[in-house]
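Welcome! Let's work through a few exercises together, step by step. Keep the structure open beside you as you read.

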Amino acid sequence: MKKLQRVSPVVFKSTPLKTESRDNWEVVMEYNGEGDGPYLVDLSHRPRFDLQDSNLAAQKPFGILIPETPGDCVLENGILANRMNRTQVSLFNLDADDTVSMPDEPGYTEVTESTLCVALIGKNVFSICEKLTALDFMDQLRKAPFLFQGPFSHVPCQIVTLNKAGDKSGLILTCSRGYGRDMIDSILHAGEEFGLKPAGESRFAKWIKEL
Amino acid sequence: MALTITCPICGKRNGYEFKFGGEEKGPRPDEKDLTPEAWCDYVHMNKCVAGVQQEWWFHKDGCGSWFPIYRDTTTNLEKPEPGGQK
């Protein structure tokens, strides 16, 4: 019998230094020559769900109170909940030490396999984003974490800004899996002048713990 | 002139993020006693107003919402609802 293997849509050219096998994913924890930042981290293996309900106020996915206003997000216990519209919320499990599975209730859809997910963290991340999208991440009226649903490198994406503060800045971006190679290529190309390098999951785990 | 559109979910965005969905034509006509000519008129005939008209837009690169706005077709600028609060 062949071994089940889940494959990330994100491929980096860097050489992995440390990998981990987790839930049939081959997760890279560290890459060779990660540099000093900013970093691009593949999080496509992290579980992600959509929840749809006509009365979201009555739902508490993983014990989290869903934000009321579309565009608002909440990060609690390693789960990021992003209010998309009146009836939908997207849920990202960002804590590698506490992996969750999909609740056995109606309304949930697992989207882990159908989307790519990357984190862009460190200094100058918004300068890189400015080259790829017209969305205003530095809008003074928006307090992190917040969600943008809009084009990034001409691809419809969900982008969650987790922190806007200087060297600790960072965001998470998801889009359809099929855009994987082109999206990564365009982000790395835009980030070249800022020293953007692929990084392993350890780098993201450390960053999010410091938030 | 660049068109911007105010999405009820995402706020004011570049017009290129949206797809035009046609004029707002009111509710679908009652099927009882509906003639093919009247249905054809409802589906295909437009007023093509030179001025402010209500029309549907789809936020294809964003949240995926369908919503109506008012737009001045002579200036290609979004306008507030005539006599309303928008």
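**Exercise 1.** In what order do the strands of the open sheet of 5 strands in chain A lie?

*Solution.* Keep in mind that you are looking at a predicted model.

Step 1. Reading across the sheet, the order is S5-S6-S7-S4-S8 in chain A, and the pairing is antiparallel.

Step 2. Now look for the edges. They are strand S5 (73-76) and strand S8 (108-110) of chain A, each of which pairs on one side only.

Step 3. Check how the strands are turned.

**Exercise 2.** Follow S6(A) and describe its partners and its surroundings.

*Solution.* Step 1. Begin with S5(A). It is joined to strand S6 (residues 79-83) of chain A by 4 bridges, and the two run antiparallel. Across this pair, Cys73(A) stands opposite Asn82(A).

Step 1. Look at the turn. S5(A) and S6(A) make a hairpin with 2 residues between them, and Asn77(A) in that turn has a positive phi of about 50°.

Step 2. Move to the other partner. Strand S7 (residues 88-93) of chain A pairs with S6(A) in the antiparallel sense over 5 bridges. Here Ile79(A) has Asn93(A) as its bridge partner.

Step 3. Ask about burial. A residue is buried if 20 or more other C-beta atoms lie within 10 Å of its own. In S6(A), 5 of its 5 residues are buried. Ile79(A), Ala81(A) and Arg83(A) are buried on one side, while Leu80(A) and Asn82(A) are buried on the other, leaving both faces covered.

**Exercise 3.** Which residues have the most contacts inside the largest nonpolar core?

*Solution.* Step 1. The core has 59 residues, and those with the most contacts inside it are Val41(A), Val118(A), Leu120(A), Ile172(A) and Leu173(A).

Step 1. Find the main contributor. Strand S9 (residues 115-121) of chain A gives the most to this core, with 6 residues.

Step 2. Pick one residue and list its neighbours. Leaving out residues up to four places away in sequence, Ile172(A) touches Leu43(A), Phe92(A), Cys117(A), Ala119(A), Val160(A) and Leu162(A).

Step 3. In soluble globular proteins, nonpolar side chains tend to be buried together.

**Exercise 4.** Describe the elements of chain B and the sheet they form.

*Solution.* Step 1. Count the elements: chain B has 1 helix and 6 strands. Starting at the N terminus, they run β-β-β-α-β-β-β.

Step 1. Find the sheet. An open sheet of 4 strands has the order S3-S4-S5-S6 in chain B, with antiparallel pairing. Strand S3 (19-23) and strand S6 (77-79) of chain B each have a single partner strand, so one side of each is left without a neighbour in the sheet. From one strand to the next, the twist averages 50°.

Step 2. Zoom in on one pair. Strand S4 (residues 52-58) and strand S5 (residues 66-72) of chain B pair in the antiparallel sense over 7 bridges. Trp57(B) has Phe67(B) in S5(B) as its bridge partner.

Step 3. Check burial: of the 86 residues in chain B, 15% are buried.

Note on methods:
Residues are numbered from 1 along each chain as its sequence is written. Chains are lettered from A and ligands numbered from 1 in the order in which they are written. This is a predicted model: local features need pLDDT of at least 70, side-chain atom pairs count only at pLDDT 80 or more; totals for chains, interfaces and linings use all residues. A nonpolar core is a set of buried Ala, Val, Leu, Ile, Met, Phe, Trp, Tyr and Cys residues joined through C-beta atoms within 7 Å. A residue is buried if 20 or more other C-beta atoms lie within 10 Å of its own, exposed if 12 or fewer, and partly exposed in between; C-beta atoms are placed from the backbone. Two residues are in contact if their C-beta atoms, placed from the backbone, lie within 7 Å. Two strands pair if DSSP finds at least two bridges between them. Axes are lines fitted to C-alpha atoms, for helices over the stretch in contact, and angles run from 0 to 180 degrees between N-to-C directions.
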